[in-house]
Amino acid sequence: MTFVADPLDPDDNRPPYEQVASSLGAAIRTRRLAPGEKLPSHKALTEMYGFARATIQRALRDLEDEGLVVSRQGSGVFVRNRTERPAGLRPYVEQAFSAADVTIDFAGFSSETLHGALQEPLDKIRIGRLTPASIAVRILVPDMSVPQAAPVRREDGADDVRLRDRMHDIMVGYARSIRDSITELRHLGLVPETRVDVRVHNGTPFFKLYVINNEDAFFGYYPIKPNKVVAQGEAIEIYDLVGRDTVLFHHSVNDNESSSGTQQVQQGRMWFDSVWETIGRDFDLDGR
């Protein structure tokens, strides 16, 4: 089947190459351009989008930098076959909000990265460029009222309630902001149904997991590194779980149920549900 691009938004004020890259990226993520499929030629894309060849070339370079396509000299540009690769979370989160029913499950140490990735699609909902019918977010984080393997004091590896209180406040702050921002969309009549649930468990998460619309999963490890933080007015040397250094690997469902990507997403969903429904406990973001 010949690929036909969706019309570009006339109100989009981004540079033309970004608009083209976004359009083609969305087609790849929704599998209208399948893994291994050859993209239309530069000439065809120029005619399709109505921009100059240099604009198309810049858009394709951006897609290649993002890891979505690969250029083969003399053959053309192809959608990457591999689904297991380092990937950026933000474009996939934004694309998820093009669906009627949006679901995002997150398990990790805090929801800081998710909070950042949600800002642009939520802004687009507010101005009417995205119109999902429902949004459901589940956040699974550690119970910081009990000792954890990290963060701990660096000098003796010991638990310190000040560090746990600090982490508790960070976790609650981001989760509460996510909840309030999404709930506001319902109150404003922009999204008919919204729900944000938070549960805690006693384990220390050494990895983070996102499952988006039950079709894409992102997985990455938290490295433990020395850090220095201020807790209750005192600087403390600690061993910390460092989320900003986490490389996320993307796995995606496709038509082949036995493929590695499909199995990774299924197992990610299974693991999340198993913890959520057994040892996960409801957490009140407005209490302790």
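This is a predicted model: local features need pLDDT of at least 70, side-chain atom pairs count only at pLDDT 80 or more; totals for chains, interfaces and linings use all residues.

**What the labels rest on**

Me: What does the side chain of serine 274 reach, and what makes that a polar contact?

Reply: The side chain of serine 274 reaches the backbone oxygen of tryptophan 271 at 2.7 Å. A polar contact is a pair of N or O atoms within 3.5 Å; within protein, one must be able to donate a hydrogen and the other to accept it, and residues adjacent in sequence count only if both atoms are side-chain atoms.

Residues count from 1 along each chain as its sequence is written, and side-chain values use heavy atoms, with hydrogens and water left out.

Me: Why is serine 274 called partly exposed?

Reply: Its relative accessibility is 31%. Buried means under 20% relative accessible area, exposed over 50%, and partly exposed in between (1.4 Å probe, protein chains only), so 31% lands in the middle class. Serine 274 sits in helix α7, residues 260-277; helices (H or I, at least four residues) and strands (E, at least two) are DSSP runs, numbered from the N terminus.

Me: And why does histidine 201 count as buried?

Reply: Histidine 201 has 9% relative accessibility, so it counts as buried. This residue belongs to strand β7, residues 193-201.

Me: What is histidine 201 in contact with?

Reply: Contact means heavy atoms within 4.5 Å. Leaving aside neighbours within four places in sequence, histidine 201 has contacts that include Leu140, Pro142, Ile279 and Arg281. Its side chain also reaches the backbone nitrogen of glycine 203 at 3.0 Å.

Me: How do you know that β8 and β9 pair?

Reply: Two strands pair if DSSP finds at least two bridges between them. Strands β8 (residues 207-212) and β9 (residues 216-221) have 6 bridges, in the antiparallel sense, so they qualify. Tyrosine 210 has phenylalanine 218 in β9 as its bridge partner. In this hairpin, with 3 residues between the strands, asparagine 213 takes a positive phi near 55 degrees. β9 is also joined by 4 bridges to β12 (residues 249-252), again antiparallel, and there aspartate 216 stands opposite serine 252.

Me: What makes β6 and β10 edge strands?

Reply: An open sheet of 3 strands has the order β6-β11-β10, with antiparallel pairing. β6 (152-153) and β10 (224-231) each have a single partner strand, so one side of each is left without a neighbour in the sheet. β6 and β11 (residues 234-241) pair over 2 bridges, with arginine 153 opposite isoleucine 238 in β11.

Me: How do you know that the length of helix α3 fits its residue count?

Reply: The expected span is 1.5 Å times one less than the number of residues. For the 14 residues of α3 (residues 53-66) that should give 20 Å, and the end C-alpha atoms are 20 Å apart, which agrees.

Me: What puts the buried residues on the same side of α3?

Reply: Thr55, Ile56, Ala59, Leu60 and Leu63 are buried in α3. They cover an arc of only 130 degrees around the axis, which puts them on the same side; the arc is that of the directions from the helix axis to the C-beta atoms. The face turned away from the buried side carries the exposed residues Ala54 and Asp65. Among what covers the buried residues are α1 (16-29) and β1 (69-72).
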